[in-house]
Amino acid sequence: MAMGTKRELPSYLEHWQVNIEDHARKLGLDIFPQVFEVLSFDEMNEVAAFGGFPTRYPHWRWGMDYERLKKSSEWGLSRIYEMVINNNPAVAYLLEGNSLVDQKLVMAHVCGHNDFFKNNFAFKLTDQDRRPPSAAEDLVVSRAANLPSRKWIDAFANHSTRIRRHVERHGIEAVESFIDVCLSLENLIDPPGRLLEGRQRPLVSDEEPEPVELTRFQAVDYMQPFVNPREALEAEKKKLEAERDRSKKFPETPRRDVLAFLLEHAPLARWERDILEIIREEAYYFWPQAQTKIMNEGWASYWHSKIMTGYAATGDEIVDYADRNASVLSTAGGRLNPYKLGVELFRHIEERWNRGQFGKDWEDCNDLEERKNWDLKLDLGRRKIFEVRALYTDVTLIDEFLTPDFVIENKLYTFGWSNRNERFEIDTREFKSVKDKLLAQLTNFGSPFIAVEDANFENRGELLLKHEHQGVDLDLEKARRTLENITRVWRRPCAIVSTVETRPSILRFDGKEHTTRPLK
Amino acid sequence: MCSGHSRRLRYALGVALNIDQDHARFRDIVRGKVRENLRKYISNGELIARQGKDTVSIPVPQIDTPRFRFGDKSAGGVGQGDGESGDPVGGQEGEGEGEGGRGKAGQGEGQHALEVDVSLDELAQILGETLQLPRIENRGRRQIFAAKDKYTGISRTGPESLKHFKRTFREALKRQIAAGLYKPDRPIIVPTREDRRYKSWQVDTLPVANAVIIYMMDVSGSMGDEQKEIVRIESFWLDTWLRSQYKGIESVYITHDAAAREVDRDTFFRTRESGGTMISSAYKLCAQIMKDRYPPDEWNVYPFHFSDGDNWSVDDTTLCVQLLKERVLPSSNMFCYGQVESPYGSGQFIKDLREHLGADERVVTSEIRDKDAIVDSIKAFMGKGR
């Protein structure tokens, strides 16, 4: 379907856009300029299938997502209420035919996301004019209106054009299946490393390599030139040094950005390299969003609620707003809803900092009554949550701000599979378990730490990866299939070191067969 | 200032979206995978349990993108809500893949087949292509349509009997709040005429069935669970194929041992009797039902009979052949007999049928030794395009 007809935002919506944005700014939000597009139901599903972008490179999985979205929205299971792209200007979509109160709610919500995109440190990764930060403070400072440059809609459109050109030349089959290979590796990137790129880092080894030890026969001084002739020593030194260098590993230190390593060193055709580069760029773009789902939705929900109830919703709209808001924040069926968890955490932090419930005195206080009435009237809450939205990701947020009180108030629990009853059952509401499980779950949705260990493994030009095992094993079946894909890029056998059921092991694929053996 | 500003920034989204192409590619891949694995799907029978109203959810292997991921041994997560330790967690049916901070990791984890919905029509098409089944010619019978009311929306007017109470009261609540008449401590809501909402309907025309499948199955003691499973699987595929050929289709189920009964679908596959076998009883009932309910000038009739081929007596077999010749065959598109192998049966019946009716092209017989033979049996039955 072509989205040829471009609609101007109707003037009544434009009016509300201006008002809501002004109000958001008054409340302290620091947002990129915003563009709202009104889309029909079908177009909305299409754009959503493309991950929010109007143009993506051709690939079947958008079709798969589209089918899923279309079905679930036709069945009324889910409706996409808001979609906003981390772009400067931010681009967001409104569903045609929604009631005015819905549109206002979406606009208010989008302002929250927009502020988060612009100010959360993880999103600096998506600055196209990123410069090496000289000091940590740089990460927090916002810049002029049209900066930083985040023209990602254009960038994604360019990616699409480049890949379509390759399709014309090499056929959809070849290109699509190579994209499949690249997507299989897309999580092998190094976002923290990239955030700190260019920063002065201590060299891995500043020192000169150890001098080689030469054979010297014993002799009295004047006999030295004859017993240990200089030429012989020189020749031996050269030989030993060459040997030392040869045994040096490549890369010298493990490389977390596996995709960059492959781009630099794998024997790829030019079009393949181009595709891999595109997939890597897009993976870095989406990384911050995956790391801040709870925070981002929580922050946006916090602000849509402030803006709607304090300003934008009129008297006769408030019931509809409340209805909608309740369904957005619903935790029906015992589900953990990131919107709800996030907004409650921000409110919890705000209240604690307003009442001064932090610091040593608070931590040391064990008197229940005293804690309950603890109020230093500091009024630091608002400032604190703005700081939190800039400096944290989901994992660090939960780690630092999830409190036992919060777990009780919000009725959080852990659940597990019961073999006896063949169903998921509530385990416990104990604070530490809840926190650990939540953190594990969040890390789990992240990726395992994997780095290139050796590109000349066993001196056969094989690629060796290493999984830094932190307690959770890899999914072996998926790992094997991923190895097949790396092998296709590296064009030599590939292997990965990991721990399988407490035993350090090495999984290897030689292009035909998989082997698993314990590590020596 | 802002309005001019935002107009200038308006993005050119006028680029054509290409989801249709991507969607077609995806369906192609799915179709290819289903075709590749069709024999497996047929013989292991797993699709039957996955049947929805018009679709089948098919596990398509190896279509997902593998990544280095954590294996999840400690299935579970964090949830929110009421409940004691040991209580079940709500909403366990039909959950999608856990994403973001949402719970529900676990169960689906580790299995790597992606489930894709394929419509029964599409499945029939793939079946047809793979087994090279000819399309069936509707034998000039007329297509009848019937009108049916369907409740589709809400309107402001309508008969009182169709009043939508929840909507009506919500409208009233909205109005009262807007007018400042709503008191939270005394929440009395009185709908006025303008608040009333009614269910409204549309008239749909639906094609009336003009084909019927009459399934007959031997449920005597010698038919075991495995034999019945074969019949179940085979009937699913026959249903699927015939459904794709006719606009509407009806099914009749007859079980028999020494006597025959018309039953519903559920009973059909569950019944187990221990009596002897008189096949003629089933054919008699079948002929009767055809005569009473499915006159041949309006209906395409497909009688299928499954048995282990161990009939009571030679006399009864003679009677069967006579019934088929005189009463069943003249009013049917074709008659299919599938014989499943059982350790107790002599398997004589199929030989008798072939001897007496083998020359009649309306009669198809097929021996189904095991589940792997189902595919060929379907091909034998439907390969004639009748």
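**Briefing on chains A and B**

Chain B contains 10 helices and 11 strands, where helices (H or I, at least four residues) and strands (E, at least two) are DSSP runs, numbered from the N terminus. This is a predicted model, in which local features need pLDDT of at least 70 and side-chain atom pairs count only at pLDDT 80 or more, while totals for chains, interfaces and linings use all residues. Residues are numbered from 1 along each chain as its sequence is written, and chains are lettered from A in the order in which they are written.

**Chain B overall**
- Of the 386 residues in chain B, 34% are buried, that is, with 20 or more other C-beta atoms within 10 Å of their own, C-beta atoms being placed from the backbone.

**Domains of chain A**
- Chain A is divided into domain 1 (11-150), domain 2 (329-444) and domain 3 (448-518), with bounds from an automatic or database domain assignment.
- The centres of domain 1 of chain A and domain 2 of chain A, taken over C-alpha atoms, are separated by 27 Å.
- Seven residues from domain 1 of chain A and five residues from domain 2 of chain A take part in the contact, for which C-beta atoms, placed from the backbone, must lie within 7 Å.

**Strand pairing**
- Strand β4 (residues 412-418) of chain A runs antiparallel to strand β2 (residues 76-80) of chain B, joined by five bridges, where pairing requires at least two DSSP bridges; here A:L412 has B:Q80 as its bridge partner.
- Five bridges also join β4(A) to the antiparallel strand β5 (residues 423-428) of chain A, in which A:F424 stands opposite A:W417.
- Four residues lie between the strands in the hairpin of β4(A) and β5(A), where A:E422 takes a positive phi near 50°.

Terms used. Two residues are in contact if their C-beta atoms, placed from the backbone, lie within 7 Å. A residue is buried if 20 or more other C-beta atoms lie within 10 Å of its own, exposed if 12 or fewer, and partly exposed in between; C-beta atoms are placed from the backbone.
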